[in-house]
Amino acid sequence: MKLQVAMDVLTVEAALELAGKVAEYVDIIELGTPLVKNAGLSAVTAIKTAHPDKIVFADMKTMDAGELEAEIAFTAGADLVSVLGSADDSTIAGAVKAAKAHNKGIVVDLIGVADKVTRAKEARALGAKFIEFHAGLDEQAKPGYNLDVLLSAGEEARVPFSVAGGVNISTINAVQRAGADVAVVGGSIYSAADPALAAKELRAAII
């Protein structure tokens, strides 16, 4: 199982600093949507230039103009780009077309999708590299939120998938047992007192 750090920082400088601390322990470096919106795709270029051996994920959360938005992100240096599962099939297909042209990948993010299992299968059939079973920060903050809902859906869908939604040192083994291809960790790394140590411990926990 790969380890992905989701960098929900706001500047290129902060992203480079964080990536520099944790890169040796992670497989995928994700530029979170707030970072992409605040700093632009130059942030993607900066991270890929600094860490050319890592998979760089631009979390675009594209909802329309799939081919165009994916194209500009891949041109900037992204290896993976996210499209929302709630987008039209044609949007996902367009993004996949751009990915194929660059020999890169599209991740379909199921944040906000009610029937995650069905949409995961549909998105995979449209050419997504893997599907992200994702609960956003707002959803995680609701009373009663439980990561197990995402894990169960991922197991049932039987597609290559990642899990994002409060993954931490106490839950990462459950993510792996569910069969996830990628564990996405955000706050447990970037909000830690020692992000490098947090990433190192998460890496060590993966069997």
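The lining of the largest pocket is made of 10 nonpolar, nine polar and seven charged residues. This is a predicted model.

Start with the largest pocket. Its lining counts 26 residues. D8, H134, G136, L137 and Q140 lie nearest the centre of the pocket. Several elements give two or more residues to this lining: helix 2 (33–39), strand 3 (55–62), strand 6 (130–134), helix 7 (137–140), strand 8 (182–185) and helix 10 (187–190). Helix 7 gives the most, with four residues.

Now the second largest pocket. Its lining consists of K2, I28, I55, D79, L80, K129, F130, P160, D181 and V182.

| Pocket | Volume | Nonpolar residues in lining | Polar residues in lining | Charged residues in lining |
|---|---|---|---|---|
| Largest pocket | about 510 Å³ | 10 nonpolar | nine polar | seven charged |

Next comes helix 4, which spans residues 66–76. Its buried residues are G66, A70, A73, F74 and A76. Viewed down the helix axis, these buried residues fall within an arc of 160°, so they line one face of helix 4. On the other side of the helix, L68 and T75 are exposed.

What covers the buried residues of helix 4? The cover includes helix 3 (42–50), strand 3, strand 4 (80–84), helix 5 (89–102) and strand 5 (105–109). Strand 3 also gives two or more residues to the lining of the largest pocket. Just after helix 4 comes G77, with a positive phi of about 120°.

Key. Residues are numbered from 1 along each chain as its sequence is written. This is a predicted model: local features need pLDDT of at least 70, side-chain atom pairs count only at pLDDT 80 or more; totals for chains, interfaces and linings use all residues. Side-chain values use heavy atoms; hydrogens and water are left out. On a 1 Å grid over the protein atoms alone, a cavity is a set of points where a 1.4 Å probe fits but cannot get out, and a pocket is an open set with protein on both sides within 12 Å along at least five of seven lines; lining residues have an atom within 4 Å of a point. Grid points are joined across faces, edges and corners, and a volume is the space filled by probe spheres set on the points. Ala, Val, Leu, Ile, Met, Phe, Trp, Tyr, Cys and Pro count as nonpolar, Asp, Glu, Lys and Arg as charged, and the others, Gly among them, as polar. Buried means under 20% relative accessible area, exposed over 50%, partly exposed in between (1.4 Å probe, protein chains only). The arc is that of the directions from the helix axis to the C-beta atoms. Contact means heavy atoms within 4.5 Å.
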